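Please read the points against the model.

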Amino acid sequence: MGDRRGQRAPQVKNKSAAEIQITAEQIIREAQERQEEEIQPPKQKITDKEELDEYRLRKRKEFEDQIRRQRGLITNWLKYAAWEDSQGEMERARNVYERALDVEYRNVTIWLKWR
């Protein structure tokens, strides 16, 4: 079915130059101009404890989902632990590092960051 041995390549009938010449540079420039800007999520203003708790719960769920999908990817573990540390949750950060060590105990980076 997909055998093309008996078929010839299509022949170009008109080999003269086109009236309007387009360079590769023009094609790349146009593609960049038409490319949509990367959409940035809006900055969230947290005004009370309840919103902060919801935000933290949502972020933890995102990190846990990433870890569940790619358990062996240590960068996910390190980002999660660093985020917990940035939230002032040292015990949670230590717990994430310990869980990462359960996955890959030979990783020196985890040992160095684990305090």
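**Note on the α3/α4 pair**

1. The crossing of α3 and α4 is left-handed, meaning that the near helix is turned anticlockwise from the far one by less than a right angle (clockwise would be right-handed). Helices here are DSSP runs of H or I with at least four residues, numbered from the N terminus.

2. This is a predicted model: local features need pLDDT of at least 70, side-chain atom pairs count only at pLDDT 80 or more, and totals for chains, interfaces and linings use all residues. Residues are numbered from 1 along each chain as its sequence is written, and side-chain values use heavy atoms, without hydrogens and water.

3. Helix α3 spans residues 74–86 and helix α4 residues 90–103. They pack at about 165 degrees, axes 7 Å apart. Axes are lines fitted to C-alpha atoms over the stretch in contact, and angles run from 0 to 180 degrees between N-to-C directions. The pair is therefore roughly antiparallel (over 145 degrees).

4. Contact means heavy atoms within 4.5 Å. From α3, the residues involved include Trp77, Tyr80 and Ala81; from α4, they include Val96, Arg99 and Val103. By class, the contact has 11 nonpolar, no polar and four charged residues. Charged covers Asp, Glu, Lys and Arg.

5. Arg99 sits in α4. Arg99 is partly exposed, at 27% relative accessible area (between 20% and 50%, 1.4 Å probe, protein chains only). Its C-alpha lies 8.4 Å from that of Trp77, 22 residues away along the chain.

6. What does Arg99 touch, leaving out residues up to four places away in sequence? Glu64, Trp77 and Tyr80. The side chains of Arg99 and Glu64 make a polar contact at 2.9 Å (N or O atoms within 3.5 Å, one able to donate a hydrogen and the other to accept it).

Note on methods
Helices (H or I, at least four residues) and strands (E, at least two) are DSSP runs, numbered from the N terminus. Angles under 35 degrees count as roughly parallel, over 145 as roughly antiparallel, 65 to 115 as roughly perpendicular and the rest as oblique.
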